[in-house]
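Please keep the sequence and the structure at hand while reading.

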Amino acid sequence: MNPMIETAFGLAREQYAALGVDVDAALEQLAKIPVSMHCWQGDDVQGFEADAGDLTGGIQATGNYPGKASTPAQLRQDLEQAMALIPGAKRLNLHAIYLESAEPVARDKIEPKHFAGWVDWAKRQQIGLDFNPTCFSHPNSGDGMTLAHPDESIRRFWIDHCKACRRISAYFGESLGTPSVMNIWIPDGMKDLPADRLGPRQRLVAALDEIISEPFDEAHHIDAVESKLFGIGAESYTVGSNEFYLGYAATRDVALCLDAGHFHPTEVISDKISAASLYVRHLLLHVSRPVRWDSDHVVLLDDETQAIANEIIRNGLLERVHIGLDFFDASINRIAAWVIGTRNMKKALLKALLEPIDALRQAEQQGDYASRLALMEESRSLPWQAVWDYACAREGVPVGATWLAKVKEYEAEVLSRR
Ligand SMILES: C[C@H](O)[C@H](O)[C@@H](O)C(=O)CO
Ligand SMILES: [Mn+2]
C-alpha cells in the first residue's frame with residue numbers, strides 16, 4: 001500500500017480515537033454492509049425479453065450515451081467492471097425482464113430456469129441477488145393499470161407474474177444462501193381526476209394478498225412493496241400511494257420500500273426510516289436523487305444520502321434496512337454512473353459509522369443544541385476521506401478518482417466496440 005495512505009490513515013485513526021470513535025470497528029462493519037446495485041442502470045431499463053417493447057410506466061431513462069449492454073453477457077461484464085471499482089459487500093438487483101431465453105416467454109410463465117445464468121454468475125461473484133416483477137413496458141400495462149386493473153383477466157396476468165417472480169426470488173435466496181428482497185412496484189395511476197379512488201385500492205389489496213399467499217422461508221425470500229407519489233401520465237392519482245403501502249406493509253408484515261424520489265419535493269426518506277421502523281420489520285431503500293421530479297439521477301454524497309446513512313447507523317437498523325439503489329442515467333458512461341452512485345452510498349455509510357454519536361447525543365440530552373450543531377458541523381470535516389482511501393487500498397480497489405482511468409480504458413476497449 002502507498003505509504004502516504006497508511007500515514008494519513010494512522011493520523012485519522014488517532015483523531016477519531018480522541019473523539020471515542022473506533023475506526024477499525026467502523027471499517028470492519030463497512031466492509032460487510034451490502035449495497036444492492038440495480039442491473040437496470042446498465043441498459044436504461046431495457047431488459048432481454050425476446051419481444052421487448054419500449055420503456056413505459058411513467059419512468060424515463062433520458063440520454064443516448066453509446067455502449068450500453070444489450071446481452072446478459074455484456075451486462076455481466078459491465079457489472080464486473082463496476083463492482084471491481086467499489087469496495088465492500090455488494091448485491092445485484094434484477095428485474096424480471098432480465099431473463100435469459102431465446103424464445104419469448106410470457107411474463108406470467110417465467111421460471112427459475114430463465115435466471116440460472118444469473119445465479120451461476122452470482123455464485124462466482126460471491127454476491128446475493130434481489131428481484132423485482134416487471135409490471136410495466138408491456139401491452140398489458142398499456143393503459144397504466146396492472147394489479148389494480150378493473151379487467152379481471154389483466155389483473156390475473158399480473159398476479160400470476162408476481163407469483164412466478166416470488167418463486168424465482170426464493171430460488172435466488174435458496175441457491176445463494178442469502179434472502180432475496182423482492183420489490184413490487186406497479187405504475188397504476190391516472191392522468192386526470194379519478195371518480196373512484198377507493199375501488200382500485202381495494203383491487204390492489206386483494207391482488208397483493210393473493211400474491212403473498214404462498215409461504216416462503218424468510219431465509220430465502222422477503223416481500224417488499226414500493227409506494228409512489230406520481231408518474232409521467234399518472235399525475236392525478238397513484239393507487240399505491242405512501243399511506244396505502246405503509247398500511248399494507250404494517251398489516252401484512254412485508255417490507256416497505258422507500259424510494260428517495262417518490263415523495264413531495266421537500267419530503268425526505270431519511271426522516272421516514274425511524275417512523276416506519278416502528279411499524280414494519282423490514283425496510284427496503286431505493287436510494288436515488290430526484291431533480292425537480294422523480295428523475296432518478298445518480299446518487300451524490302449530498303446531505304440526504306448522508307442523512308439516510310446516519311439514520312440507519314444511529315438507530316442500529318442494519319439488520320432491518322436493505323439498501324438498494326435506483327437511478328438510471330443514460331446520458332453518461334453507465335459504468336461510471338454505477339461506480340459514482342455506489343461509492344457515494346458507501347462513503348455515506350462510512351461517515352455515519354465514524355460519527356462521534358455519543359457526544360452528539362449527550363449534547364442533545366442536555367438541551368445544549370449549540371454544541372450539537374457545532375459538533376455535527378465540525379464532524380463533516382473530520383478526516384473520513386483518509387479512512388475511505390485506506391478501505392479502498394486494502395481491498396485493492398482504486399483510491400480517489402483513479403477508478404475513472406479504468407472506466408475510460410474499458411470504454412475504449414469494450415464499450416466503444418459495441
Ligand atoms: C425500475 C424500478 O423498478 C423502478 O425505478 C421503480 O423502483 C421506481 O422507482 C419507479 O418510479
Ligand atoms: Mn424505486
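Along the chain of this predicted model, the donors of the manganese ion (ligand 2) follow the spacing E-x32-D-x26-H-x39-D. The protein donors behind this pattern are Glu226 through OE, Asp259 through OD, His286 through ND1 and Asp326 through OD, and they lie 2.1 to 2.2 Å from the manganese ion. The site has 6 donor atoms, with angles of 70 to 170° among them, and is octahedral.

How do strands E1 and E12 run, parallel or antiparallel? They run parallel and are joined by 2 bridges, and in this pairing Ser36 stands opposite Gly324 of E12. E1 pairs in the parallel sense with strand E2 (residues 90–95) as well, here over 4 bridges, and Ser36 stands opposite Arg91 in E2. Together with helix H3 (residues 72–83), strands E1 and E2 make a right-handed β-α-β unit.

In a regular strand the side chains alternate between the two faces of the sheet. For E1 (residues 35–38), both faces are covered, with Val35 and Met37 buried on one side and Ser36 and His38 buried on the other.

The cysteines come next. How many disulfides does the structure hold? There are 0 disulfides, a disulfide being a covalent bond between the sulfur atoms of two cysteines.

| Cysteine | Closest cysteine sulfur | Distance | Relative accessibility |
|---|---|---|---|
| Cys39 | Cys165 | 12 Å | 0% |
| Cys165 | Cys162 | 6.1 Å | 0% |

For Cys39, the sulfur of Cys165 is too far away for a bond because the separation is 12 Å. Cys165 is in no disulfide either, and the sulfur of Cys162 is 6.1 Å away from its own. Cys39 counts as buried at 0% relative accessibility, and Cys165 counts as buried at 0% too.

Key
Residues are numbered from 1 along each chain as its sequence is written. Chains are lettered from A and ligands numbered from 1 in the order in which they are written. This is a predicted model: local features need pLDDT of at least 70, side-chain atom pairs count only at pLDDT 80 or more; totals for chains, interfaces and linings use all residues. Side-chain values use heavy atoms; hydrogens and water are left out. Donors are N, O and S atoms within 2.8 Å of the metal (3.2 Å for Na, K and Ca); water is not among the atoms, so sites may look incomplete. Four donors count as tetrahedral if all angles lie between 85 and 135 degrees; four count as square planar and six as octahedral if opposite donors are over 155 degrees apart and all others between 65 and 115; anything else is irregular. Buried means under 20% relative accessible area, exposed over 50%, partly exposed in between (1.4 Å probe, protein chains only). Two strands pair if DSSP finds at least two bridges between them. A crossover is right-handed if, with the strands pointing away from the viewer, the path from the first strand over the helix to the second runs clockwise. A disulfide is a pair of cysteine sulfur atoms within 2.5 Å.
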